[in-house]
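Please read them with the structure open beside you.

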Amino acid sequence: MARLRSPAVSRTEREGRRGAGRDARPLLLGAHGVGRRYGARVALHPLDLALLGGEALALVGPNGAGKSTLLSILAGALEPSSGRVERMPGVRIGWVPQQP
């Protein structure tokens with residue numbers, strides 16, 4: 001199974017972006033150690049993600065890599081087995097789930 005990899009952004013760098021002053025872009029959506037299992041099957045290996053104001057996100061990968069699972073977790077439609085999702089208050093996530 002392929003593994004989604006998050007950008008190499010350290011927690012210190014993310015914290016610095018959030019608290020750097022008035023010009024710092026806010027953290028709109030964050031995933032911290034988010035992963036998902038179905039019994040013994042790993043659907044999404046734990047990952048970290050930070051989406052700041054003004055950024056766009058594209059998920060590209062082969063079938064079975066965990067893209068839909070990650071989007072379901074970020075949208076709040078599925079609970080992660082590990083980790084947590086942080087959403088800025090008032091942020092709405094538009095999402096159209098995959099049809100089987």
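1. In α2 of this predicted model, the buried residues are Lys67, Thr69, Leu70, Ser72, Ile73 and Leu74, where buried means under 20% relative accessible area, exposed over 50%, and partly exposed in between, with a 1.4 Å probe and protein chains only. These buried residues pack against β1, β2 and β3 (82-87). An α-helix has 3.6 residues a turn, so residues three or four places apart point the same way. The helix α2 is followed by Gly76, whose phi is positive, near 90°.

2. Residues are numbered from 1 along each chain as its sequence is written, and side-chain values use heavy atoms, with hydrogens and water left out. Because the model is predicted, local features need pLDDT of at least 70 and side-chain atom pairs count only at pLDDT 80 or more, whereas totals for chains, interfaces and linings use all residues.

3. The protein has 2 helices and 3 strands, which are DSSP runs numbered from the N terminus (helices H or I, at least four residues; strands E, at least two). From the N terminus on, the elements follow the order α-β-β-α-β. Of the 100 residues in the protein, 27% are buried. Among contacts (heavy atoms within 4.5 Å) with a separation of 6 or more, 57% are between residues 24 or more positions apart. The protein exposes about 6,700 Å², of which carbon and sulfur atoms supply 51%; this area comes from the Shrake-Rupley method with a 1.4 Å probe.

4. Which residues make up the largest nonpolar core? It has 10 residues, namely Leu29, Ala31, Val34, Leu44, Leu47, Leu49, Leu51, Leu70, Ile73 and Leu74, the term standing for a set of buried Ala, Val, Leu, Ile, Met, Phe, Trp, Tyr and Cys residues joined through side-chain atoms within 4.5 Å. At least two residues of this core come from each of β1 (27-38), β2 (41-52) and α2 (67-75), and the largest share, 4 residues, is supplied by β2. In soluble globular proteins, nonpolar side chains tend to be buried together. Leaving aside neighbours within four places in sequence, Leu49 is in contact with Leu29, Gly30, Ala31, Leu57 and Leu74.

5. The structure holds 2 salt bridges, each defined as a side-chain nitrogen of Lys or Arg within 4 Å of a carboxyl oxygen of Asp or Glu. In one of them Arg25 pairs with Glu55, the closest N and O atoms being 3.8 Å apart. Arg25 lies in the loop between α1 (11-19) and β1 and Glu55 in the loop between β2 and α2, so this pair ties together parts that are 30 residues apart in sequence. Arg25 counts as partly exposed at 39% relative accessibility, and Glu55 counts as partly exposed at 31%.

6. Arg84 forms a salt bridge with Glu86, with 3.9 Å between the closest N and O atoms. Arg84, at 44% relative accessibility, counts as partly exposed, and Glu86, at 26%, also counts as partly exposed. His32 lies in strand β1 and counts as buried at 16% relative accessibility.

7. What lies around Arg36, a residue of strand β1? Arg36 is buried yet has no salt bridge, and the nearest side chain of opposite charge, Glu79, is 7.4 Å away (Lys and Arg count as positive and Asp and Glu as negative, while His and the chain ends are not counted). The backbone oxygen of Glu79, however, lies 2.7 Å from a polar atom of the Arg36 side chain. Beyond its neighbours within four places in sequence, Arg36 is in contact with Arg41, Val42, Ala43, Leu44, Thr69, Ile73, Leu78, Glu79 and Ser81.

8. Gly53, in the loop between β2 and α2, is buried, with a relative accessible area of 14%. Not counting residues up to four places away in sequence, Gly53 touches Arg25, Pro26 and Leu28. The C-alpha atoms of Gly53 and Leu28 are separated by 6.1 Å, although these residues are 25 residues apart along the chain.

Methods. Polar contact = N/O pair within 3.5 Å; in protein donor to acceptor, adjacent residues only side chain to side chain.
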